Amino acid sequence: MPIFTRMKWKILPFGSVIPISAPHGGESLTTFLARIADWMSAHGDDGGHTIIVTHASVVRAAIVHALQAPAAAFWRVDIEPLSVTHMGSDGRRWMLRACANSPP
């Protein structure tokens, strides 16, 4: 009996993950996008300036929300490490002003 056996793996294309699935008890993409959208909706009329230091996935989710793009667009946004994304709100909606700029 061989120690190793051949396994057939099904490889899915990048970004083809089902948005409502939550592998290994994690958070689904749909839930994650809703959580970020809820936070943005709650803070859209705060006024002043807010600086947020966070992971690229949170920035991608915020961009998807601001652009009112479908969940699949999340996989099409590329955020560089240590980049700056500038967003603004007029209290009714969020606008993307600059994305993934290198820090000064």
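Helix H1 (29-42), helix H2 (56-66), strand S1 (84-89) and strand S2 (94-101) each give at least two residues to the lining of the largest pocket. Helices (H or I, at least four residues) and strands (E, at least two) are DSSP runs, numbered from the N terminus. This is a predicted model, in which local features need pLDDT of at least 70 and side-chain atom pairs count only at pLDDT 80 or more, while totals for chains, interfaces and linings use all residues. Residues are numbered from 1 along each chain as its sequence is written, and side-chain values use heavy atoms, with hydrogens and water left out.

**The largest pocket**
- The largest pocket holds about 1,000 Å³ of space, a volume being the space filled by probe spheres set on grid points that are joined across faces, edges and corners.
- Of its 35 lining residues, Thr50, Ile51, Ile52, Thr85 and Met87 are the closest to the centre.
- On a 1 Å grid over the protein atoms alone, a pocket is an open set of points where a 1.4 Å probe fits, with protein on both sides within 12 Å along at least five of seven lines; lining residues have an atom within 4 Å of a point.
- S1 supplies the largest share of the lining, six residues.
- By class, the lining has 16 nonpolar residues, 14 polar ones and five charged ones; Ala, Val, Leu, Ile, Met, Phe, Trp, Tyr, Cys and Pro count as nonpolar, Asp, Glu, Lys and Arg as charged, and the others, Gly among them, as polar.

**The aromatic cluster**
- Phe32, Phe74 and Trp75 form one aromatic cluster, and the structure holds two aromatic pairs.
- Phe32 and Phe74 are edge-to-face, at 6.2 Å centre to centre and 85° between the planes.
- This pair links distant parts of the chain, with Phe32 in helix H1 and Phe74 in the loop between H2 and S1, 42 residues apart.
- Phe74 and Trp75 are also a pair: their ring centres lie 5.1 Å apart with the planes at 90°, so this one is edge-to-face.
- Rings of Phe, Tyr and Trp (its six-membered ring) pair if their centres lie within 6.5 Å; planes under 30 degrees apart count as stacked, over 60 as edge-to-face and the rest as tilted.
- Phe74 counts as buried because its relative accessibility is 4%, and Phe32 is buried too.
- Trp75 counts as partly exposed because its relative accessibility is 28%.
- Buried means under 20% relative accessible area, exposed over 50%, and partly exposed in between (1.4 Å probe, protein chains only).

**The whole protein**
- From the N terminus on, the elements run α-α-β-β.
- Buried residues make up 20% of the 104 residues.
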